[in-house]
Amino acid sequence: MATIGCSLERHSDLCVVSNSPLLDTQILLCHVIGCPRATLYLNQEYCLTAQQLKDFNSLFKRRLSGEPVAYLTGYKGFWSLNLRVSKSTLIPRPETELLVERALELPLPEDAKVLDLGTGSGAIILALSLERRSWVCTGTEIQRDALIIAEVNRASYHLKNVNLLRGDWYKAVHNQKYHLIVSNPPYVANGDPHLLDLNLHFEPKSALISGKDGMSDLTHVIRKAPQYLLNKGWMVTEHGSEQGPKVRNLYYSAGFRDVETCTDLSGLDRITLGRIP
């Protein structure tokens, strides 16, 4: 029988597909055994049951093919949440937490109305609603399967200040107006070499690709935003690391003021925000 220690030693096989092979192996082991990571090193002589070994081998093989760990376990940590994910949703990224941070710093009323466009698993709007229980939050998503996942996540944290609607961008909210609009739309160009990354291969292309230059969805949500913002309302959008200048120009041309682009922990342009006068 395979022990925890022997199973952990297999992590080197994942070097060809992962930048964190040991962590990936630990997460998969914890998932099949049902234990916290600290337990692994305190019980290295523990022998996996036949079923646990079968499940681990199956997941490990899928990881070797490049399938992301989040899809293998069905969960991904974001902010202070452990979110359910599936192949119908984009996997939440750590850099998207910057969008949440900046949104929480904005001078908004205590009962602010907030809209998240293209909510996916619900990562952004659920993180905001968790931190600001008095905000009235709405997330829109066109993909039915993704909206189901977002609703599962909302229910698991008992967040009653969130409403999830099915619809393409603004179409689901009609003539409503908000103090804040946030969005992490698709912003990868069709044919971008990053799409060859094995991990991205498994994620929904509709949540990644946005036209020839990656700007189609960003252009749409930014240009339409003033129609759905209250006076002095804010917008915060995530975008690609090389799209900062184009996104700022979109904000200015749409009538935004106090436009600012913020960099992520790698020093790359990641989000832009602005205010309607």
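## Accessibility and basis of the model

A residue is termed buried when its relative accessible area is under 20%, exposed when it is over 50%, and partly exposed in between, with a 1.4 Å probe and protein chains only. At 61% relative accessibility, His-158 therefore counts as exposed.

The structure is a predicted model, in which local features need pLDDT of at least 70 and side-chain atom pairs count only at pLDDT 80 or more, while totals for chains, interfaces and linings use all residues. Residues are numbered from 1 along each chain as its sequence is written, and side-chain values use heavy atoms, with hydrogens and water left out.

## Two histidines with positive phi

His-158 is located in the loop between H8 and E5; helices (H or I, at least four residues) and strands (E, at least two) are DSSP runs numbered from the N terminus. Although His-158 is not a glycine, its phi is positive, at about 55°.

His-174 belongs to the loop between E5 and E6. Its phi is near 55°, a positive value in a residue other than glycine. With 58% relative accessibility, His-174 counts as exposed.

## Helix H11

Helix H11 spans residues 244-253, and its buried residues are Gly-244, Val-247, Leu-250 and Tyr-251. These residues lie on the same side of H11 because they cover an arc of only 125° around the axis, the arc being that of the directions from the helix axis to the C-beta atoms. In general, an α-helix has 3.6 residues a turn, so residues three or four places apart point the same way.

The buried residues of H11 pack against helix H10 (216-224) and strands E7 (229-238), E8 (257-263) and E9 (269-275), where contact means heavy atoms within 4.5 Å. Asn-249 and Ser-253 are exposed on the face of H11 turned away from its buried side. Just after H11, Gly-255 adopts a positive phi of about 100°.

## Helix H6 and Arg-102

In H6, the buried residues are Leu-98, Leu-99, Val-100, Arg-102, Ala-103 and Leu-104. Their cover includes strand E1 (75-78), H7, E6, E7, E8 and E9.

Arg-102, a residue of helix H6, counts as buried because its relative accessibility is 19%. Not counting residues up to four places away in sequence, Arg-102 touches Glu-260, Cys-262, Ile-271 and Leu-273.

## Nonpolar cores

A nonpolar core is a set of buried Ala, Val, Leu, Ile, Met, Phe, Trp, Tyr and Cys residues joined through side-chain atoms within 4.5 Å. The largest has 33 residues, of which Val-114, Leu-128, Trp-135, Leu-180, Val-182 and Val-236 touch the most other members. At least two residues of this core come from each of strand E2 (81-84), helix H6 (97-105), H7, helix H8 (144-156), strand E5 (162-166), strand E6 (178-183), E7 and E9. H7 supplies the largest share, 7 residues.

Val-236 is in contact with Leu-99, Leu-106, Leu-180, Ile-181, Val-182, Ser-183, Tyr-251, Ile-271, Thr-272 and Leu-273, leaving aside its neighbours within four places in sequence. Another core, of 23 residues, lies apart from the largest one and has Tyr-178, Ile-222, Leu-250 and Ile-276 among its members.

Glu-131 is placed in helix H7 and is partly exposed, with a relative accessible area of 34%. Leaving aside neighbours within four places in sequence, Glu-131 is in contact with Trp-79, Ser-80 and Leu-104. Glu-131 and Ala-2 are 129 residues apart along the chain, and their C-alpha atoms are separated by 43 Å.

Thr-140, in strand E4, is buried, with a relative accessible area of 0%. Among the residues that Thr-140 touches, not counting those up to four places away in sequence, are Leu-115, Asp-116, Gly-118, Leu-165, Trp-169 and Val-173.

## The second largest pocket

The second largest pocket has a volume of about 480 Å³. A pocket is an open set of points on a 1 Å grid over the protein atoms alone, where a 1.4 Å probe fits, with protein on both sides within 12 Å along at least five of seven lines; lining residues have an atom within 4 Å of a point. Grid points are joined across faces, edges and corners, and the volume is the space filled by probe spheres set on the points.

This pocket is lined by 31 residues, and the closest to its centre are Gly-118, Gly-120, Glu-141, Asn-184 and Ala-207. Strand E3 (113-117), helix H7 (123-131) and strand E4 (136-141) are the elements that give two or more residues to the lining. By class, the lining has 13 nonpolar, 13 polar and 5 charged residues; Ala, Val, Leu, Ile, Met, Phe, Trp, Tyr, Cys and Pro count as nonpolar, Asp, Glu, Lys and Arg as charged, and the others, Gly among them, as polar.
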